[in-house]
Amino acid sequence: MLERKHRKNRTEITFVLPADVPPGPVSVVGDFNDWDPYAHPLRAREDETRAVTVALPRRSSISFRYLAAGDYWFNDESADAQDGPNSRVDT
């Protein structure tokens, strides 16, 4: 699930997943972080989810995927579109 907060010059996108599906650590990777699996790991929240927030320029589009333990790549069903094998979100 994606949560968005529009600010003056940026949009904050929060990438949210259930706390235990898939099991193990998960990161969001994309063209906004040079596909670095260590840049944006999801962290546990009190509501039994895990999440990470990324600030992006307004009126931009990014491609992203999630990377879980065991080299398991997957997309976000709530993304705005698909961009080849990746999810896509517009800010």
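1. Let me start with the charged side chains: Glu-3, Arg-45 and Asp-47 are joined in a network of salt bridges. Keep in mind that this is a predicted model.

2. Strand β1 has another charged residue worth a look. Arg-4 meets Asp-80 in a salt bridge, 2.7 Å from N to O. Arg-4 belongs to strand β1 and Asp-80 to the loop between β7 (72-74) and β8 (81-83), so this contact ties together parts that are 76 residues apart in sequence. Arg-4 has 32% relative accessibility and counts as partly exposed; Asp-80, at 39%, is also partly exposed.

3. Then there's Arg-88, whose side chain forms a salt bridge with Asp-83 at 3.2 Å, N to O. Arg-88 is partly exposed at 23% relative accessibility, and Asp-83 is partly exposed at 33%. If you want the total, a search of the whole structure gives six salt bridges.

4. On to the rings: the structure has six aromatic pairs. Take Phe-15 and Phe-32 as one of them: the ring centres are 6.2 Å apart and the planes sit at 10 degrees, so I'd call this pair stacked. Phe-15 is in strand β2 (residues 10-18), while Phe-32 is in the loop between β3 (26-30) and β4 (43-44), so the pair ties together parts 17 residues apart in sequence. Phe-15 has 0% relative accessibility, so it counts as buried.

5. Tyr-72 and Phe-74 make another stacked pair, because their ring centres are 5.1 Å apart and their planes are at 20 degrees, under the 30 degrees used as the cut-off for stacking.

6. Finally, which residues make up the aromatic cluster? Phe-15, Phe-32, Phe-64, Tyr-66, Tyr-72 and Phe-74 form one cluster. Both stacked pairs described above therefore have their residues in that cluster.

Conventions. Residues numbered from 1 in each chain as written. Predicted model: local features only at pLDDT ≥ 70, side-chain atom pairs only at ≥ 80, totals over all residues. Heavy atoms only, no water. Phe/Tyr/Trp six-rings, centres within 6.5 Å; stacked < 30°, edge-to-face > 60°. Helix = DSSP H or I, 4+ residues; strand = E, 2+ residues; numbered from the N terminus. Buried < 20%, exposed > 50% of the residue type's maximum accessible area, 1.4 Å probe, protein only. Salt bridge = Lys/Arg side-chain N within 4 Å of Asp/Glu carboxyl O.
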